[in-house]
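Subject: Handing over a structure, with notes

Dear colleague,

I am passing on the structure below, together with my notes on what was found in it. Please read the notes with the structure open beside them.

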Amino acid sequence: MPARQKNLVGAGFLIVFTYLAYCVVTHAVWLQQFDSVTATLLAGIVTPANSIVFKVIAFLGSPATVIGITCILCLWIWIRHSAILSLWIGGLQLFGSAIAEVVKSVVARPRPLHQLIPDTGFSLPSGHTFCTAIFVFTILMLVLPSIKKRNCRIVAIIAGFIWIIFVASSRVYFRDHFASDVVGSVLLASGYWLLITPYETQIKNLIGKCLPERI
């Protein structure tokens, strides 16, 4: 996808996210109905066995876990490939996470009541979903160029998005987030990704100028 097209699509995602955030702040009826229906549907599948599975998914998709895995990935890339690529990938995750936290504080949406696993802080966007989405986008960015078969590329993309859905669903399942929170998180992550990645070359060049010559 050309850089200009990426920017336009990314801006579109952010516009939709902004509208969703506005509906949250103004307590739009349609949004409350959407969240209520989704919460009711997931409440119907709450069982001890499902809770164990979703706990594992939520742990693997937590910001702490995802950022930790990203740091390990960056260290490996730094040693085996390039310090610049390592910093670029780490920066994508950390800068994006910082943006998500700022947005969360600005919108200041309270979390749902009656959480199955108590959590603190505000609700929109979901840190789990946002960080997981950025991590999946990063992995796909790294591996897709080396996958020659089209069908295998499609399978990799589908697998990545299924994982995002699993992590997002776990947050609604445990009532730590509304469904609109996780939808908004994917919109925000996608918009951020599509707006910043077209400038990869320029940012990498800037990183290279800032690094000591011996690295």
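A nonpolar core, as the term is used here, is a set of buried Ala, Val, Leu, Ile, Met, Phe, Trp, Tyr and Cys residues joined through side-chain atoms within 4.5 Å. Please bear in mind throughout that this is a predicted model.

**The cores**

The largest nonpolar core has 39 residues, and those with the most contacts inside it are Leu124, Phe130, Ile134 and Phe137. At least two residues of this core are supplied by each of α1 (3-25), α4 (63-80), α5 (83-107), α6 and α8 (179-196). Another core lies apart from it and has six residues, among them Phe54, Val167, Tyr173 and Phe174. In soluble globular proteins, nonpolar side chains tend to be buried together.

Leu124 deserves a note of its own. If neighbours within four places in sequence are left aside, Leu124 is in contact with Phe17, Leu20, Ala21, Val24, Val103, Lys104, Val107, Arg109, Ser180, Asp181 and Gly184. Leu124 is also joined to Pro125 by a cis peptide bond, with omega at about 0°, and Pro125 itself is placed in the loop between α5 and α6.

**How the helices pack**

The crossing of α4 and α6 is left-handed. On the α4 side the contact is made by Pro63, Val66, Ile69, Thr70, Leu73 and Ile77, and on the α6 side by Gly127, His128, Cys131, Thr132, Phe135, Ile139 and Leu142. Sorted by class, the contact of α4 with α6 has nine nonpolar, four polar and no charged residues.

The axes of α1 and α8 are 7 Å apart, and the two helices pack at an angle of about 150°, which makes α1 roughly antiparallel to α8. The crossing of α1 and α8 is left-handed. Lys6, Asn7, Val9, Gly10, Ala11, Phe13, Leu14, Val16, Phe17 and Leu20 of α1 meet a set of α8 residues that includes Ser180, Val183, Gly184, Leu187, Leu188 and Tyr192. By class, the contact of α1 with α8 has 13 nonpolar, six polar and one charged residues.

For α7 (150-173) and α8, the packing angle is about 150° and the axes are 8 Å apart; angles over 145 degrees count as roughly antiparallel, so α7 and α8 are roughly antiparallel to each other. The crossing of α7 and α8 is right-handed. Ile164, Ala168, Arg171 and Val172 of α7 make the contact with Ala179, Val182 and Val186 of α8, and by class this contact of α7 with α8 has six nonpolar, no polar and one charged residues.

**Individual residues**

Not counting residues up to four places away in sequence, Gln93 touches Val66, Ile67, Thr70, Cys131, Ile134 and Phe135. Among these residues touched by Gln93, Val66, Thr70, Cys131 and Phe135 also take part in the contact between α4 and α6.

Leu144, in the loop between α6 (127-143) and α7, counts as buried at 13% relative accessibility. Leaving aside neighbours within four places in sequence, Leu144 is in contact with Arg153, Ala156 and Ile157.

His27, in the loop between α1 and α2 (29-43), has a positive phi of about 55° although it is not a glycine, and with 56% relative accessibility His27 counts as exposed. Ala108, in the loop between α5 and α6, likewise has a positive phi of about 55° without being a glycine, whereas its relative accessibility of 29% makes Ala108 count as partly exposed.

With best regards

Note on methods: Residues are numbered from 1 along each chain as its sequence is written. This is a predicted model: local features need pLDDT of at least 70, side-chain atom pairs count only at pLDDT 80 or more; totals for chains, interfaces and linings use all residues. Side-chain values use heavy atoms; hydrogens and water are left out. Helices (H or I, at least four residues) and strands (E, at least two) are DSSP runs, numbered from the N terminus. Buried means under 20% relative accessible area, exposed over 50%, partly exposed in between (1.4 Å probe, protein chains only). Contact means heavy atoms within 4.5 Å. A crossing is left-handed if the near helix is turned anticlockwise from the far one by less than a right angle, and right-handed if clockwise. Ala, Val, Leu, Ile, Met, Phe, Trp, Tyr, Cys and Pro count as nonpolar, Asp, Glu, Lys and Arg as charged, and the others, Gly among them, as polar. Axes are lines fitted to C-alpha atoms, for helices over the stretch in contact, and angles run from 0 to 180 degrees between N-to-C directions. Angles under 35 degrees count as roughly parallel, over 145 as roughly antiparallel, 65 to 115 as roughly perpendicular and the rest as oblique.
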